[in-house]
Amino acid sequence: MMPETIHAAGGKNILCISGGIIESVWTPGSFVDVDDARDAMKATERICQGRRMPMLSVMADVEISAAARYEFAKSSDVSAIAVLGSSAVDRVVAAATSRDTQYPHEFFTSRTDAVEWLKGLIDAPGAPGMADQEPAAPTP
């Protein structure tokens, strides 16, 4: 049975699944270090239960260390990520994280637009890495 909500990174991050999309919400004003990133990735692995899924990552007013950004980019449990932020700083942080990802990654300031983009990827016929996914490789 899938857990409804998982808390990670000492409570700074809350994850749940809604409409086939993982929602990862970070507490505004948080600083995310590499340990927080690893803990959040373990929580993502638990909530995905072996499936690669798209993620909406709400990261408004969140600072992420370079090591944490690199750690997030290595995730094998997400098939795409829409980062929801509210400022130019949030956009820069999202862009820095996207450089090393192996999956689609976009920044949005509109939740509706972010969810539509993710659903479009899920619903796309033959979309690689989406609806007909093989289970994700275990995270080391």
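A residue is called buried when its relative accessible area is under 20%, exposed when it is over 50%, and partly exposed in between, with a 1.4 Å probe and protein chains only. By this criterion, buried residues account for 43% of the 140 residues in the chain. The structure is a predicted model, in which local features need a pLDDT of at least 70 and side-chain atom pairs count only at pLDDT 80 or more, whereas totals for chains, interfaces and linings use all residues. Residues are numbered from 1 along each chain as its sequence is written, and side-chain values use heavy atoms, with hydrogens and water left out.

The predictor's confidence in each residue is expressed as pLDDT, on a scale from 0 to 100. The chain averages a pLDDT of 82, and 76% of the residues score at least 70. Over residues 128-140 the pLDDT is below 50, although in the model this stretch has 26 contacts beyond near neighbours in sequence, a contact being defined by heavy atoms within 4.5 Å.

Secondary structure was assigned from DSSP runs numbered from the N terminus, with helices (H or I) of at least four residues and strands (E) of at least two. The chain has four helices and eight strands, which follow one another along the sequence in the pattern β-β-β-β-α-β-β-α-β-α-β-α. Among contacts between residues at least 6 apart in sequence, 74% join residues at least 24 apart.

Nonpolar cores were taken as sets of buried Ala, Val, Leu, Ile, Met, Phe, Trp, Tyr and Cys residues joined through side-chain atoms within 4.5 Å. In the largest of these cores, which has 25 residues, the members touching the most other members are Leu15, Ile22, Trp26, Val32, Ile64 and Phe72. Two or more residues are given to this core by each of strand E1 (5-8), strand E3 (21-26), helix H1 (34-48), strand E5 (53-58), helix H2 (66-73) and strand E7 (78-84). The largest share, six residues, comes from H1. A second, separate core of nine residues includes Leu56, Val58, Ala80 and Phe108. In soluble globular proteins, nonpolar side chains tend to be buried together.

Helix H1 comprises 15 residues and reaches 21 Å from its first C-alpha to its last, close to the 21 Å expected at 1.5 Å a residue, where the expected span is 1.5 Å times one less than the number of residues. Its buried residues are Asp36, Ala37, Ala40, Met41, Ala43, Thr44, Ile47 and Cys48. These residues lie on the same side of H1, because they cover an arc of only 160° around the axis, the arc being that of the directions from the helix axis to the C-beta atoms. An α-helix has 3.6 residues a turn, so residues three or four places apart point the same way.

Val34, also in helix H1, counts as partly exposed because its relative accessibility is 21%. When neighbours within four places in sequence are left aside, Val34 is in contact with Ser65, Ala67, Ala68 and Glu71. The C-alpha atoms of Val34 and Ser65 are 7.0 Å apart in space, although the two residues are 31 apart in sequence. Ser65 occupies the loop between strand E6 (63-64) and H2 and is buried, with a relative accessible area of 16%. With the same exclusion of neighbours, the contacts of Ser65 are Phe31, Val32, Asp33 and Val34.

Val58, in strand E5, counts as buried at 16% relative accessibility. Apart from residues up to four places away in sequence, Val58 touches Glu23, Ser24, Val25, Trp26, Leu84 and Arg111. Between Val58 and Thr27, which are 31 residues apart along the chain, the C-alpha separation is 8.7 Å.

Most residues other than glycine have a negative phi, and most peptide bonds are trans. Ala9 has a positive phi of about 55° although it is not a glycine; Ala9 lies in the loop between E1 and strand E2 (13-18) and is buried, with a relative accessible area of 4%. Gln49, likewise not a glycine, has a positive phi of about 50° and is found in the loop between H1 and E5, but Gln49 is partly exposed, with a relative accessible area of 42%.

The structure holds zero disulfides, a disulfide being a pair of cysteine sulfur atoms within 2.5 Å. Cys16 counts as partly exposed at 24% relative accessibility, whereas Cys48 is buried, with a relative accessible area of 0%.
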